Each structure stands twice: as structure tokens, then as C-alpha cells.
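Hi,

Here is the structure I promised to pass on to you. Have a look at it first, and my notes on the side chains follow below.

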Amino acid sequence: MLFRSIKHFVGKEAFDVAGVGPKIIDKLLDEGLIADAADLFFLTEGDLKPLERMAEKSAKNIVASIQSRKEIGLDRLIFALGIRHVGLQTSYDLALKYGSLSRLFEVEFEELMGLENIGEVVARSVYEYFHDPKNKIFIDKLLNSGIKYRRIKNEGGLNNKTFLITGGLEAMSRAQASELIRKNGGRVISSVAKDLDFLVVGDKPGSKLEKAKNLGVKILTEVDFLKLLKI
């Protein structure tokens, strides 16, 4: 459980800490150097050098990599917390709506229930996370380590349109494309459904393309997609 939560925390769609993979996380836990993800930001080269097969250069690079990730968007920070049932889109919605962690600690369950696209299960999970004293201690520890988060804002006119990306893109990763969609006011869903407005098709799209065509979903090539975003 702890291993998985730290692996999620340092993943590409969360803090994106290069060099801190499963083997390093295992070593840090086995040696008692970390008890949670926040402890990563307190590590020094001296902590890491004694570890087996950890050269001085490797220790320096890992610490530098961790320290370089101390600034993050609020949406990615919320996602990094690993709140049950809360994916990237919900993390973005919460960050856009509330703008700060302190507001999330204050929000009541009934208010969360009233938000668009957030049902009872997700609302309860968010409420319980931010009203658990252990999580408040963890987040305070994280902020005391020097983490600074940026407020996010809706910068575009996609007007809550829903997107799904399938296949590989050339100009960016699918994760980067999804982040651009959310930043520009769109929503990203995970499967072909009746409420899907656009399917963005890259290389080797797979079965989602045929399903989308059958539902009459508008198909966008990568070029179409970039034009829509005015990139």
C-alpha cells in the first residue's frame, strides 16, 4: 500500500520525479529513510550514499531530481495524493473550483455532491480524505518541505466538450494532450460513450475508432486537434 502510494506520487502524471523508480523506492523504504512520500523532499546525498550500489553521482542526481519538482500545479498535486476514485479530470475540476488545499479542507460533503460530474462515491471519497487528520498532517509536512503549488485557470473555449485520445501522437504524449484539453476548458474521458464529443486519433488507434464512428462521434486527426487548440 505504502509502496504503491509513493510510486503513484512520483509518477509522470503526478510529481514526475525522474530517477525514483520502484527499485529506489524499495531501497528507501527498506532502509527506513522514508515513511511517506513527503519524506522524499527531506532526503540528502548523505542519506543515499551508504545505500548498496548507490554511487555518489547517482545520489546527487536523485536528490537534484526530487528537489527540481517542488513546484507543481494544484491539479497534479491533488492527483498525486492518491485519493480513491479521483483521477486526473476530477483533480483538475477540484483545483479549478476551489483553488487551494485549504478550501478543500473546509468543503462539506453536500457541496461536493452538488458539483457537476462528481457523484456520491467520489464526493464521499474527497470529503473523507480531507477530513482525515492523518492526511492533514501529511499535507502540512509536504508543504513544510518547500512544495509550492500553482493555481490553475480555464484558458480556453472548449466549453466542457468531452475528448478521448487513442493511438500515439507525434507532437506530444497523450498525457500532455489531455492536460491541454483540461487547461482549455474541455474534459477527458476514458472510454467511447454517447456523451463523447471528439475522438482524437493518433497512430494505431485500435477498436475505439470503429466504436466512435458507429456512435457518430466527430473524429479529429492530430492536425485537426492542434488546430482546434490553436497550436
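Which residue has its charged end over the ring of Phe109? That is Arg124, 4.3 Å from the ring centre. Here a charge sits over a ring if NZ of Lys or CZ of Arg is within 6 Å of the ring centre and within 35 degrees of the ring normal. Phe105 has a charge over its face as well: Lys136, at 5.5 Å from the ring centre.

Before the rest, a word on the source. This is a predicted model, in which local features need pLDDT of at least 70 and side-chain atom pairs count only at pLDDT 80 or more, while totals for chains, interfaces and linings use all residues. Residues are numbered from 1 along each chain as its sequence is written, and side-chain values use heavy atoms, with hydrogens and water left out.

Now the aromatics. The whole structure holds 8 aromatic pairs (rings of Phe, Tyr and Trp, the last by its six-membered ring, with centres within 6.5 Å; planes under 30 degrees apart are stacked, over 60 edge-to-face, the rest tilted). One of them is the stacked pair of Phe9 and Phe15, with 4.4 Å centre to centre and 15° between the planes. (Helices are DSSP runs of H or I, at least four residues, and strands runs of E, at least two, numbered from the N terminus.) Phe9, Phe15 and Phe41 make up one aromatic cluster. Phe9 is buried at 1% relative accessibility, and Phe41 is buried at 4% (buried is under 20% relative accessible area, exposed over 50%, partly exposed in between, with a 1.4 Å probe and protein chains only).

On to the charges: there are 10 salt bridges in the whole structure (a side-chain nitrogen of Lys or Arg within 4 Å of a carboxyl oxygen of Asp or Glu). Among them, Lys141 and Asp39 meet at 2.6 Å, N to O. This pair links helix α10 (residues 133-144) with the loop between α2 and α3, 102 residues apart. Lys141 is partly exposed at 26%, whereas Asp39 is buried at 14%.

Another salt bridge joins Arg76 and Glu179, with the closest N and O atoms 3.2 Å apart. Arg76 is in helix α5 (residues 74-80) and Glu179 in helix α11 (residues 174-183), 103 residues apart.

Happy viewing!
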